[in-house]
Amino acid sequence: MDHAQLESAYQAHVAHLKTVYTQALETAGLDGVLIHSGSLMKRTQFDDQSWPLRLVPYFQHWAHLPWPECALLVLKAGPVKLLAYEDKSFWERWTQPDWNLLMGCLDVVRIDEPSHVKKHLPNGRRLAYVGENPTRAAEWGVDISLVNPAALLEPLNELRVHKTRYEQLCLEEANLVACRGHQKVAAAFHAGERSELRLHLHYLAETSQDDPETPYKNIVAIGSSAAILHHVSYRKERLDGPVSLLVDAGATFQGYASDITRTHVATGSADAELFSELIGRVDRMQQQLCKVATVGRGYETLHDETHVLLAHILRDLDIVRMGVEEQVQSGITRMFLPHGLGHSLGLVCHDVGCAKIKPRPENAWLRNTRIIEPNQCFTIEPGVYFIDTFMEQLRTGPHGSAANWKVIDQLRPYGGVRIEDDLVVQAAGLPVQNLTRAFLH
């Protein structure tokens, strides 16, 4: 990435955040906010080990400083102060950030102890605290009533819905890194690798990001395990028989996440060729949906259109012998695609601000219900799955005879298909920017 371009975009990003924060603080009747980077959390009360730090996203929105017990002080007037505490104990060393980037935009102050944050707070000001550790807020002198106040968090969540140019550059780089991993895994699979664990390790090695750095636990599923939507219990042994591979894996850059899924099959048999045709159909459907995810469209409407397109696939491949409209109205398509079409993407994999309105009951798992607007970033990830629970419900239900069980039983050992890309919506009239297809097909 061109660092000069990133630096310029970051300066504009920080200026934009300062403007919006000033307005939000004024509206909430606050003089400022203290944003905590986060505290280490113990894995269990029966041990002394902690989980790897996940930065508080409101902190990371300003600064990618992956250290616990740091703070950002944002006042209505004056520079934003980054109070950086580096734990120099002999137990661990923290990753160094891009100091040139941070110091060019923020007032960086090193502190020797987390308690020293309080020394840098102005007296007589009404300050809120945003973070996960109320105990730390109390130590810093913030009133409990001003810990994560809804009046402030609501506009800050809305701020994260629309990505600045800096954020888009970070999301693009996160896609580039993840796509390298996907290419490596695909090559290893087609060369004969059949261990889910080893394929996962191929991905981590190629992206140079260990598990704690990835935005979520990679899903690596061979065969029928692809019907388990969050399959992360990697099997170590070589898996023989009908061989398909579903990889749902991302990467991060400056804290921003990518989220990409691809499905592969080792062809050779008639059943594998049929599954390969299903992959191709889902891929074309997904690309069609990406192209129409344009400004002014309702995301839930796009989700509804997905089920119509899916019904065509199920009918055309003789999986379900029923008309398109009847499949959708009867709920059959939702047995083959039970999850939502996608979600907002950013500092966390399922980012905030796009699900304030509840979806209709039949779309219970849909995580994005916004009207699509410029500078939103979200995923498009349709799928077709042969999930045992739903297949049994279909078989014993009122429409069981409409399913072609011979074809379904041919495809069940392959688990399912999902294709997922990350999109950034540009201004009305411009094509949607597909961050993933720029690097991976």
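## Charges over rings

In this predicted model, the charged end of Arg43 lies over the ring of Trp51, at 4.4 Å from the ring centre. Another such contact involves Arg395, whose charged end is placed over the ring of Trp405, 4.1 Å from its centre.

## Aromatic pairs

Across the whole structure, a search gives nine aromatic pairs. One of them joins Tyr10 and Tyr166, with 5.0 Å from centre to centre and 55 degrees between the planes, a tilted arrangement. Tyr10 belongs to helix H1 (residues 3-28) and Tyr166 to helix H6 (residues 165-190), so this pair ties together parts that are 156 residues apart in sequence. Both Tyr10 and Tyr166 are buried.

Tyr129 and Trp140 have ring centres 6.4 Å apart and planes at 55 degrees, so they too make a tilted pair. Here the linked parts of the chain are strand E5 (residues 127-130), which holds Tyr129, and the loop between helix H4 (134-139) and helix H5 (150-159), which holds Trp140; the two residues are eleven residues apart.

## Burial of Tyr129 and Trp140

Are Tyr129 and Trp140 buried or exposed? A residue counts as buried when its relative accessible area is under 20%. Tyr129 has 0% relative accessibility and is therefore buried. Trp140, at 2% relative accessibility, is buried as well.

## An aromatic cluster

Which residues form one aromatic cluster with Tyr10? The members are Tyr10, Tyr166 and Tyr256. Within this cluster, Tyr10 and Tyr166 are the tilted pair with centres 5.0 Å apart.

How values were computed. Residues are numbered from 1 along each chain as its sequence is written. This is a predicted model: local features need pLDDT of at least 70, side-chain atom pairs count only at pLDDT 80 or more; totals for chains, interfaces and linings use all residues. Side-chain values use heavy atoms; hydrogens and water are left out. Rings of Phe, Tyr and Trp (its six-membered ring) pair if their centres lie within 6.5 Å; planes under 30 degrees apart count as stacked, over 60 as edge-to-face and the rest as tilted. Helices (H or I, at least four residues) and strands (E, at least two) are DSSP runs, numbered from the N terminus. Buried means under 20% relative accessible area, exposed over 50%, partly exposed in between (1.4 Å probe, protein chains only). A charge sits over a ring if NZ of Lys or CZ of Arg is within 6 Å of the ring centre and within 35 degrees of the ring normal.
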